[in-house]
Amino acid sequence: MSIVLAGLLVNTILDIKKRKVSLAVIILMTLGGVLWRIQSGDMEPLDLASGLLPGICCLLIAMFTRQSIGYGDVWIILGMGLVLGGERITVLCVMALFAAGIWALFLLIVLHKGKRYEFPFVPFLLFGHLCM
């Protein structure tokens, strides 16, 4: 879906350069995607609800770990969950976490960064979306 891809591209650039994401872009991505799903007749209430679960889990992780995952990442995952649905957002998140884990190992082993070193997560969400 091109609206999600566009939103992820913009927020990937912002996350890499400024370590921030645009809430306006997230809202536009979510509204555009939801409207597209409604128009196409592909809006199941159960799929809509299950699409929020990964984002809610990430929100709880952010709250209880002093933002080991940032709130911007959480808002993107919540918005994408509404657009993509439960199964697709779960697969996307698993792929993104796997890729981020490989990157973290590279940072630790090769670049000798500490375990507290922070890196942007939105590029990995983009990677997961492109792999689907």
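# Reading the helices and rings of a predicted model

Q: How many residues does helix α1 have, and how far does α1 reach?

A: Helix α1 runs over residues 2-18, a total of 17 residues. From its first C-alpha to its last, α1 reaches 24 Å, close to the 24 Å expected at 1.5 Å a residue.

Q: Which residues of α1 are buried, and why do they line one face of the helix?

A: The general idea comes before the case. An α-helix has 3.6 residues a turn, so residues three or four places apart point the same way. In α1, the buried residues are Val-4, Gly-7, Leu-8, Asn-11, Thr-12 and Asp-15. Seen down the axis of α1, these buried residues fall within an arc of 140°, so they line one face of the helix. On the other side of α1, Ser-2, Lys-17 and Lys-18 are exposed.

Q: What covers the buried residues of α1?

A: The cover includes three helices: α2 (23-40), α4 (71-84) and α6 (122-131).

Q: At what angle do α1 and α4 pack, and which residues meet?

A: The angle between α1 and α4 is about 175°, and their axes are 12 Å apart. Angles over 145 degrees count as roughly antiparallel, and α1 is therefore roughly antiparallel to α4. From α1, the residues in contact are Val-4, Leu-8, Asn-11 and Asp-15. From α4, they are Asp-73, Ile-76, Met-80 and Val-83.

Q: Which other residues have a positive phi, and where do they lie?

A: Two cases may be read side by side. Gln-67 lies in the loop between α3 and α4, and its phi is near 65°, a positive value in a residue other than glycine. Gln-67 is partly exposed, with a relative accessible area of 40%. His-112 is found in the loop between α5 and α6. The phi of His-112 is near 55°, again positive in a residue other than glycine. His-112 is exposed, with a relative accessible area of 65%.

Q: How many residues does helix α5 have, and which of them are buried?

A: Helix α5 covers residues 86-109 and has 24 residues. Its reach from first C-alpha to last is 34 Å, close to the 34 Å expected at 1.5 Å a residue. The buried residues in α5 are Gly-86, Ile-89, Leu-92, Cys-93, Ala-96, Ala-99, Ala-100 and Leu-107. These buried residues pack against α3 (45-64), α4 and α6.

Q: What separates Gly-33 from Ala-99?

A: Gly-33 is found in helix α2 and is buried, with a relative accessible area of 0%. Ala-99 is among the buried residues of α5. Along the chain, Gly-33 and Ala-99 are 66 residues apart, and their C-alpha atoms are separated by 25 Å.

Q: How many aromatic pairs does the structure hold, and how is an aromatic pair described?

A: A pair of aromatic rings is described by the distance of the centres and the angle of the planes. The structure holds three aromatic pairs. One of them joins Phe-119 and Phe-124, which lie 5.8 Å centre to centre with 75° between the planes, an edge-to-face arrangement. Another pair, Phe-121 and Phe-124, is tilted: 6.4 Å centre to centre and 35° between the planes.

Q: What do Phe-119, Phe-121 and Phe-124 form?

A: These residues, Phe-119, Phe-121 and Phe-124, form one aromatic cluster. Phe-119 is partly exposed, at a relative accessible area of 25%. Phe-124 counts as buried, with 13% relative accessibility, and Phe-121 counts as buried at 11%.

Key:
Residues are numbered from 1 along each chain as its sequence is written. This is a predicted model: local features need pLDDT of at least 70, side-chain atom pairs count only at pLDDT 80 or more; totals for chains, interfaces and linings use all residues. Side-chain values use heavy atoms; hydrogens and water are left out. Helices (H or I, at least four residues) and strands (E, at least two) are DSSP runs, numbered from the N terminus. The expected span of a helix is 1.5 Å times one less than its number of residues. Buried means under 20% relative accessible area, exposed over 50%, partly exposed in between (1.4 Å probe, protein chains only). The arc is that of the directions from the helix axis to the C-beta atoms. Contact means heavy atoms within 4.5 Å. Rings of Phe, Tyr and Trp (its six-membered ring) pair if their centres lie within 6.5 Å; planes under 30 degrees apart count as stacked, over 60 as edge-to-face and the rest as tilted. Axes are lines fitted to C-alpha atoms, for helices over the stretch in contact, and angles run from 0 to 180 degrees between N-to-C directions. Angles under 35 degrees count as roughly parallel, over 145 as roughly antiparallel, 65 to 115 as roughly perpendicular and the rest as oblique.
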